Amino acid sequence: MGLDSVLSAYLANYGPVVIFMAIAAAFGVGTLVFSYVIQPRIYSSEKLSAYECGSEPISDARMPFPVRYYIIAMLFVIFDVELIFLYPWAVAFDAIGLFGLIEMIIFILLFVAAYAYAWRKGALEWD
């Protein structure tokens, strides 16, 4: 086996991946260049002003957020990740049988207990 056959086998295996990456990069760069070329260039003080949810910003940008926002975000992530585990279980339900059902009941009970605990502690209140 010569060097040419090894190189051609290598390109046959990885060539489509390289072509796909080149097309993806060209699409990204092309989209940015195209949007830069066709964008309107009309500047005004209104257009260049800071915009924050439809209202004028009136305070310092480094204002601390209450911890409650972070707690609600963490609870959302935790409960969302826990619920994602239900999908593979539902797909493999026939294969895992009664043992899988009992395990999932325990998992859901732990999920409900954590939800009840967060609710009782007031972590879900937005006030």
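1. Over the ring of which residue does the charged end of Arg 41 sit? The ring is that of Tyr 36, and the charged end of Arg 41 lies 4.9 Å from its centre. Please bear in mind, here and in every point below, that this is a predicted model.

2. On the overall make-up, the protein chain contains five helices and zero strands. In sequence order the pattern reads α-α-α-α-α. Of the 127 residues in the protein chain, 8% are buried. Among contacts with a separation of 6 or more, 58% are accounted for by residues 24 or more positions apart.

3. On the packing of two of these helices, the axes of helix α3 (residues 67-84) and α5 come within 11 Å and cross at roughly 165°. Angles over 145 degrees count as roughly antiparallel, and α3 is therefore roughly antiparallel to α5. The crossing in which α3 passes α5 is left-handed.

4. Which residues meet where α3 and α5 are in contact? From α3 the residues are Leu 75, Phe 79, Glu 82 and Leu 83. From α5 they are Phe 107, Phe 111, Ala 114, Tyr 115 and Ala 118.

5. Ile 108 also deserves a comment. This residue is placed in helix α5, and Leu 83 belongs to α3. Ile 108 and Leu 83 are 25 residues apart in sequence, and their C-alpha atoms are 9.0 Å apart in space. Ile 108 has a relative accessibility of 37%, so it counts as partly exposed.

6. Turning to the aromatic residues, the count comes to six aromatic pairs. One of them is formed by Trp 89 and Phe 93, with 5.2 Å from centre to centre and 70° between the planes. Because plane angles over 60 degrees count as edge-to-face, the pair of Trp 89 and Phe 93 is classed as edge-to-face. Trp 89 has a relative accessibility of 22% and is therefore partly exposed. Phe 93, at 32% relative accessibility, is partly exposed as well.

7. Tyr 115 and Trp 119 form another aromatic pair, described as tilted, with 5.8 Å from centre to centre and 55° between the planes. Both residues lie in helix α5 (residues 93-120), four residues apart, which is about one turn of the helix.

8. Ring pairs link Phe 79, Phe 111, Tyr 115 and Trp 119 into a cluster.

Key: Residues numbered from 1 in each chain as written. Predicted model: local features only at pLDDT ≥ 70, side-chain atom pairs only at ≥ 80, totals over all residues. Heavy atoms only, no water. Phe/Tyr/Trp six-rings, centres within 6.5 Å; stacked < 30°, edge-to-face > 60°. Buried < 20%, exposed > 50% of the residue type's maximum accessible area, 1.4 Å probe, protein only. Helix = DSSP H or I, 4+ residues; strand = E, 2+ residues; numbered from the N terminus. Lys NZ or Arg CZ within 6 Å of the ring centre and 35° of its normal. Axes fitted to C-alpha atoms, helices over the stretch in contact; angles between N-to-C directions. Parallel < 35°, antiparallel > 145°, perpendicular 65-115°, else oblique. Left-handed = near helix turned anticlockwise from the far one by under 90°. Contact = heavy atoms within 4.5 Å.
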